[in-house]
Amino acid sequence: METIISYPTGTKNEFEHIEKISNLLDSKFTIPGTNIRFGLDPIFSLIPVLGDAATFVISSLLVWHMSNHGASQKVVVKMMGNVAIDTLIGSIPLIGTVFDVFFRCNNRNVKLLKEHYQEGKHHGSGKGIIITWMIIGGAIILLLCYAVVKLLVEFFQWLF
């Protein structure tokens with residue numbers, strides 16, 4: 001039985017188009033003899049820098065398109081978080097390719113969109129999520145700066 005999703009007027013076909021692109025990027029193909037699905041995203045990630053940049057741009061455009069058609073700020077923030085995680089971890093050679101096979105950022109974003117319209121989830125502002133990311137990111141940057149300073153101090157003490 002197919003579930004009816006109430007999309008904003010005139011956008012159902014556009015969301016179906018987004019779902020097809022997401023499927024192409026994340027789960028279009030199957031590894032023979034397994035149930036493991038993958039798309040163009042992990043294939044593109046085999047091309048250093050350019051592959052991940054291309055999938056980042058495509059995924060971001062999909063999120064932008066969804067945001068222009070009624071997705072709440074909270075959904076958009078969660079979607080961009082998925083894109084950021086996919087890009088950051090996906091850019092690690094080989095590990096990132098395997099990560100791309102299983103994380104499926106675009107399929108996750110389509111799921112968030114469906115939950116938004118079908119179940120009424122993820123409404124409201126994404127400010128809380130953004131503030132949390134900023135605090136965690138700031139803490140990580142401070143820790144990294146501290147570690148670099150400590151390493152430099154140790155290095156110069158070793159030299160002199």
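Phe155, Phe156, Trp158 and Phe160 form one aromatic cluster. This is a predicted model: local features need pLDDT of at least 70, side-chain atom pairs count only at pLDDT 80 or more, and totals for chains, interfaces and linings use all residues. Residues are numbered from 1 along each chain as its sequence is written, and side-chain values use heavy atoms, with hydrogens and water left out.

**Aromatic pairs**
- Rings of Phe, Tyr and Trp (its six-membered ring) pair if their centres lie within 6.5 Å; planes under 30 degrees apart count as stacked, over 60 as edge-to-face and the rest as tilted.
- The count by this rule is five aromatic pairs.
- Phe155 and Phe156 make an edge-to-face pair, at 5.7 Å centre to centre and 65° between the planes.
- Phe155 counts as partly exposed because its relative accessibility is 42%.
- Phe156, at 44% relative accessibility, is also partly exposed.
- The cut-offs are: buried under 20% relative accessible area, exposed over 50%, partly exposed in between (1.4 Å probe, protein chains only).

**Overall fold**
- The protein has seven helices and two strands.
- Both are DSSP runs numbered from the N terminus: helices are H or I with at least four residues, strands are E with at least two.
- Along the sequence the pattern reads α-β-β-α-α-α-α-α-α.
- Of the 160 residues in the protein, 31% are buried.
- Contact means heavy atoms within 4.5 Å.
- Among contacts between residues at least 6 apart in sequence, 63% join residues at least 24 apart.

**Helix α3**
- Helix α3 covers residues 50-67, which is 18 residues.
- The expected span is 1.5 Å times one less than the number of residues.
- Gly51, Asp52, Thr55, Ser59, Ser60, Leu62, Val63 and Met66 are buried in α3.
- Seen down the axis, these buried residues fall within an arc of 155°, so they line one face of the helix.
- That arc is taken from the directions from the helix axis to the C-beta atoms.
- Leu50 and Trp64 are exposed on the other side of α3.

**Largest nonpolar core**
- A nonpolar core is a set of buried Ala, Val, Leu, Ile, Met, Phe, Trp, Tyr and Cys residues joined through side-chain atoms within 4.5 Å.
- The largest one has 17 residues, and Phe15, Ile18, Met66, Met79 and Leu113 touch the most other members.
- Two or more residues come from each of α1 (12-26), α3, α4 (73-90) and α6 (105-119).
- Helix α6 gives the most, with five residues.

**Met79 and Asn109**
- Leaving aside neighbours within four places in sequence, Met79 contacts Val63, Met66, Asn109, Leu112 and Leu113.
- Asn109 sits in helix α6.
- Its relative accessibility is 1%, so Asn109 counts as buried.
- With the same exclusion of neighbours within four places, Asn109 contacts Val63, Met66, Lys78, Met79, Asn82 and Val83.
- A polar atom of the Asn109 side chain lies 3.5 Å from the backbone oxygen of Met79.

**Ser22**
- Ser22 belongs to helix α1.
- Ser22 counts as buried because its relative accessibility is 1%.
- Beyond neighbours within four places in sequence, Ser22 contacts Ser27, Leu62, Asn106, Asn107 and Val110.

How values were computed:
Polar contact = N/O pair within 3.5 Å; in protein donor to acceptor, adjacent residues only side chain to side chain.
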